[in-house]
Structure formats: structure tokens, C-alpha cells
Amino acid sequence: MSQIPDDAKPALDMLRSVGGDEMLAMMMQTFLQFAEERLATMVEQASLGNVSEVASIAHSLKSSARQLGALALGEVCAVTEAAGKAGKTELALDGVEAIQREFVTAKPWLKALAGEP
């Protein structure tokens with residue numbers, strides 16, 4: 001299994017205590033599918049310079065990522081959301097790349113917890 005970050009473990013332990021490994025796996029599967037779709041849309045919107053939509057998508061990913069223990073991903077989503085809402089186009093567009101990097105970093109352990117190879 002890919003290395004789960006230490007800062008993710010409290011959230012994962014809490015989720016396991018509520019619904020066990022089966023529920024955790026289902027949540028991870030759902031998040032991975034949702035995140036892939038939302039990231040693709042975010043990249044498309046960023047290429048169009050639509051920072052308000054980038055901010056909206058970052059917001060939608062932020063809480064889910066944090067709930068599942070992907071705290072670094074949640075943090076870059078928060079920064080990107082704030083930049084987009086403040087009209088800081090360059091910072092928001094840079095945030096899209098940061099979100100993509102953090103998702104790539106988190107994806108192996110998220111997939112492992114989802115029961116995916």
C-alpha cells in the first residue's frame with residue numbers, strides 16, 4: 001500500500017470508526033471519480049481564464065479532500081479558491097497546477113484505500 005501521510009490518519013480513523021473499511025473504500029472511490037471529473041473541468045476553465053469557476057471547483061474539492069485526510073490537497077484548494085474569489089487571476093491559475101500536483105501525490109494512497117490497484 002502507498003504511504004498514507006501521518007496527517008491523514010486522524011480523519012481516516014474517524015471515518016473507519018463510523019462506517020468501517022467498506023464505507024471508507026466507497027468514499028474514496030466516489031471522491032476519486034468526482035475529483036478526476038472536477039479537475040478536468042477546472043483545467044478547461046483555467047484555460048479559458050474563468051477564475052470564478054476555478055474558485056468554485058476548488059471549493060467543491062476542498063472539503064471532501066480534507067474530510068478524507070488529503071490535507072495538503074485541501075489546503076491548495078483553499079488557497080486557489082481564495083485567489084479566485086479575490087480576482088487574483090495569476091495566483092488562481094497557478095493554484096490549478098498546485099491542485100493537480102497534490103492530487104497526483106495523494107492519488108496512490110487514496111486508490112489503495114479505495115481498494116483499487
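This tour goes through a predicted model one selection at a time, and at each stop it says what to select and what is there.

**Stop 1: the nonpolar core**

Begin by selecting Met28, Phe31, Met42, Leu61, Leu73, Ile99 and Trp109, which, of the 32 residues in the largest nonpolar core, touch the most other members. If you then colour the helices, you can look for the elements that give two or more residues to this core, namely α1 (9-47), α2 (51-67), α3 and α4 (89-113). Which helix gives the most to this core? It is α1, with eleven residues.

Keep Met28 selected and show what surrounds it: leaving aside neighbours within four places in sequence, Met28 is in contact with Leu12, Leu68, Trp109, Leu110, Leu113 and Ala114.

**Stop 2: helices α1 and α2**

Two packed helices are described by the angle between their axes and the distance between the axes. Select α1 and α2 together, and you will see a pair that packs at an angle of about 165°, with the axes 8 Å apart. An angle over 145 degrees counts as roughly antiparallel, and α1 and α2 are therefore roughly antiparallel to each other. Their crossing is left-handed.

To see where they meet, show side chains on both helices: the contact is made on the α1 side by residues including Leu15, Phe31, Phe34, Leu39 and Met42, and on the α2 side by residues including Val54, Ile57, Leu61 and Ala65. Phe31, Met42 and Leu61, which take part in this contact, were also in your selection at the first stop.

**Stop 3: helices α2 and α3**

As with the previous pair, the handedness can be stated: α2 passes α3 in a left-handed crossing. Among the residues that meet here are Val54, Ala58, His59, Leu61 and Lys62 in α2, and Leu73, Cys77, Ala78, Glu81 and Lys85 in α3.

**Stop 4**

Next select Glu81, which is found in helix α3. Is Glu81 buried or exposed? At 6% relative accessibility, Glu81 counts as buried, because the cut-off for buried is under 20%. Not counting residues up to four places away in sequence, Glu81 touches Ala55, Ala58, His59 and Lys62.

Glu81 forms a salt bridge with Lys85, and the closest N and O atoms are 2.9 Å apart.

**Stop 5: other salt bridges**

How many salt bridges does a search of the whole structure find? It finds seven. Select Glu75 and Arg66, whose side chains meet in a salt bridge at 3.6 Å, N to O; Glu75 is partly exposed, with a relative accessible area of 42%, and Arg66 also counts as partly exposed, at 34%. Then move to Lys9 and Asp6, which form a salt bridge with their closest N and O atoms 3.3 Å apart. Here Lys9 is partly exposed, at 34%, while Asp6 is exposed, at 62%.

**Stop 6**

Select Ala83, which is found in helix α3 and, at 3% relative accessibility, counts as buried. Not counting residues up to four places away in sequence, Ala83 touches Lys88, Leu91 and Ala92. Draw a distance from its C-alpha to that of Gly95: Ala83 and Gly95 are twelve residues apart in sequence and 8.3 Å apart in space.

**Stop 7: helices α2 and α4**

For the last stop, show α2 with α4, whose axes come within 10 Å and cross at roughly 40°. The two helices are therefore oblique to each other, and their crossing is left-handed. The contact is made by Val51, Val54, Ala58 and Leu61 of α2, together with Thr89, Ala92, Leu93, Val96 and Ile99 of α4.

Methods: Residues numbered from 1 in each chain as written. Predicted model: local features only at pLDDT ≥ 70, side-chain atom pairs only at ≥ 80, totals over all residues. Heavy atoms only, no water. Salt bridge = Lys/Arg side-chain N within 4 Å of Asp/Glu carboxyl O. Buried < 20%, exposed > 50% of the residue type's maximum accessible area, 1.4 Å probe, protein only. Core = buried A, V, L, I, M, F, W, Y, C linked by side-chain atoms within 4.5 Å. Helix = DSSP H or I, 4+ residues; strand = E, 2+ residues; numbered from the N terminus. Contact = heavy atoms within 4.5 Å. Left-handed = near helix turned anticlockwise from the far one by under 90°. Axes fitted to C-alpha atoms, helices over the stretch in contact; angles between N-to-C directions. Parallel < 35°, antiparallel > 145°, perpendicular 65-115°, else oblique.
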